[in-house]
Amino acid sequence: MDAQRILDLFLFAIPSLITGVIAYYFFREHTKNEDGRRRFLLKKDLQVTAMPLRLQAYERMALFLERITPSKLLIRTTPSSANKDDYEALLIHTIEQEFEHNLSQQIYISDKCWNIITTAKNATIQLIRKANLLEKTDSANKLREIILTEMMERHSPSDAALSFIKEEVSDLW
């Protein structure tokens with residue numbers, strides 16, 4: 001009779017244990033889903049406030065790239081003397097100044113985009129330096145002419161970076 005009572009007790013406990021295990025898994029999944037929902041809503045709210053800042057950063061970097069395009073840079077920055085080295089230094093200083101003015105924008109854009117923008121800036125500076133090293137470059141005006149001629153024959157380094165920015169912004173939608 002003692003064995004019968006133990007067997008009855010065991011048979012009564014099985015449904016309770018099964019119900020307990022099911023309840024445990026149900027509440028665990030429910031809690032996990034609620035945490036996921038809260039994270040999603042928080043991320044969504046953050047995106048609503050961060051999106052305008054990100055778009056503004058992309059706009060500023062697009063403006064930066066437009067401003068350092070050699071043809072536009074040369075029109076905006078005129079030589080103060082006929083010395084080609086002084087003009088080279090002025091152009092590079094102007095590019096660096098523009099870049100430093102926009103350094104904080106890197107926190108709002110992707111690392112890949114920032115690297116492409118930095119590469120475009122460095123390529124533009126390199127283009128100016130190479131043009132200054134040519135033997136036929138003997139004055140600031142000749143330097144301007146050589147750089148403009150170079151830009152007629154190929155695309156500006158800024159063009160590729162600007163295309164990447166446009167592509168990345170279109171991916172945000």
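**A walk through a predicted helical model**

L7, F10 and L11 make a nonpolar surface patch of about 300 Å². F10 has its place in helix α1. Some terms, quickly. Patches are built from residues with over 30% relative accessible area and no salt bridge, joining like charges within 9 Å and nonpolar side chains (Val, Leu, Ile, Met, Phe, Trp, Tyr) within 5 Å. Accessible areas come from the Shrake-Rupley method with a 1.4 Å probe, and for residues only the protein chains shown count as cover. Helices are DSSP runs (H or I, at least four residues), and they are numbered from the N terminus.

A word on the source. This is a predicted model, where local features need pLDDT of at least 70, side-chain atom pairs count only at pLDDT 80 or more, and totals for chains, interfaces and linings use all residues. Residues are numbered from 1 along each chain as its sequence is written, and side-chain values use heavy atoms, leaving out hydrogens and water.

Next, helix α4. This helix covers residues 111-133, which is 23 residues. From its first C-alpha to its last, α4 reaches 33 Å, close to the 33 Å expected at 1.5 Å a residue. The expected span is 1.5 Å times one less than the number of residues.

Which residues of α4 are buried? They are C113, W114, I117, A120, K121, T124, I125, L127, I128, A131 and N132. Buried means under 20% relative accessible area, exposed means over 50%, and partly exposed lies in between (1.4 Å probe, protein chains only). What do the buried residues of α4 pack against? The partners are α1, α2, α3 (84-101), α5 (140-153) and α6 (157-172). Contact here means heavy atoms within 4.5 Å.

Now look at L143. This residue is found in helix α5. L143 counts as buried because its relative accessibility is 0%. Leaving aside residues up to four places away in sequence, L143 touches K84, Y87, E88, I128, A131, N132 and T137. Two of those names, A131 and N132, are also among the buried residues of α4. L143 and L65 are 78 residues apart in sequence, and their C-alphas are 21 Å apart in space.

Where is T69? T69 sits in the loop between α1 (2-67) and α2 (70-76). Its relative accessibility is 9%, so T69 counts as buried. The T69 side chain reaches the backbone oxygen of L65 at 2.9 Å. That is a polar contact: a pair of N or O atoms within 3.5 Å, where within protein one must be able to donate a hydrogen and the other to accept it, and residues adjacent in sequence count only if both atoms are side-chain atoms. Not counting residues up to four places away in sequence, T69 also touches S156 and S158.

On to the charges. A salt bridge is a side-chain nitrogen of Lys or Arg within 4 Å of a carboxyl oxygen of Asp or Glu. How many salt bridges does this rule give? The count comes to 9. Here are three of the pairs.

Pair one is R37 with E34, with the closest N and O atoms 3.0 Å apart. R37 and E34 are 3 residues apart in helix α1, so about one helical turn separates them. R37 is partly exposed, at a relative accessible area of 43%. E34 is partly exposed too, at 22%.

Pair two is K72 with E66, at 2.3 Å from N to O. Both ends are partly exposed: K72 at 41% relative accessibility, E66 at 28%.

Is E98 buried or exposed? E98 counts as buried because its relative accessibility is 14%. R67 is partly exposed, with a relative accessible area of 29%.

Last stop, helix α6. K166 has its place there. K166 is exposed, with a relative accessible area of 58%. K166 and E98 are 68 residues apart in sequence and 20 Å apart in space, C-alpha to C-alpha. A160 is found in helix α6 as well. A160 is exposed, at a relative accessible area of 52%. A160 and T124 are 36 residues apart in sequence, with 12 Å between their C-alphas. T124 takes us back to α4, where it is one of the buried residues.

How values were computed:
Helices (H or I, at least four residues) and strands (E, at least two) are DSSP runs, numbered from the N terminus.
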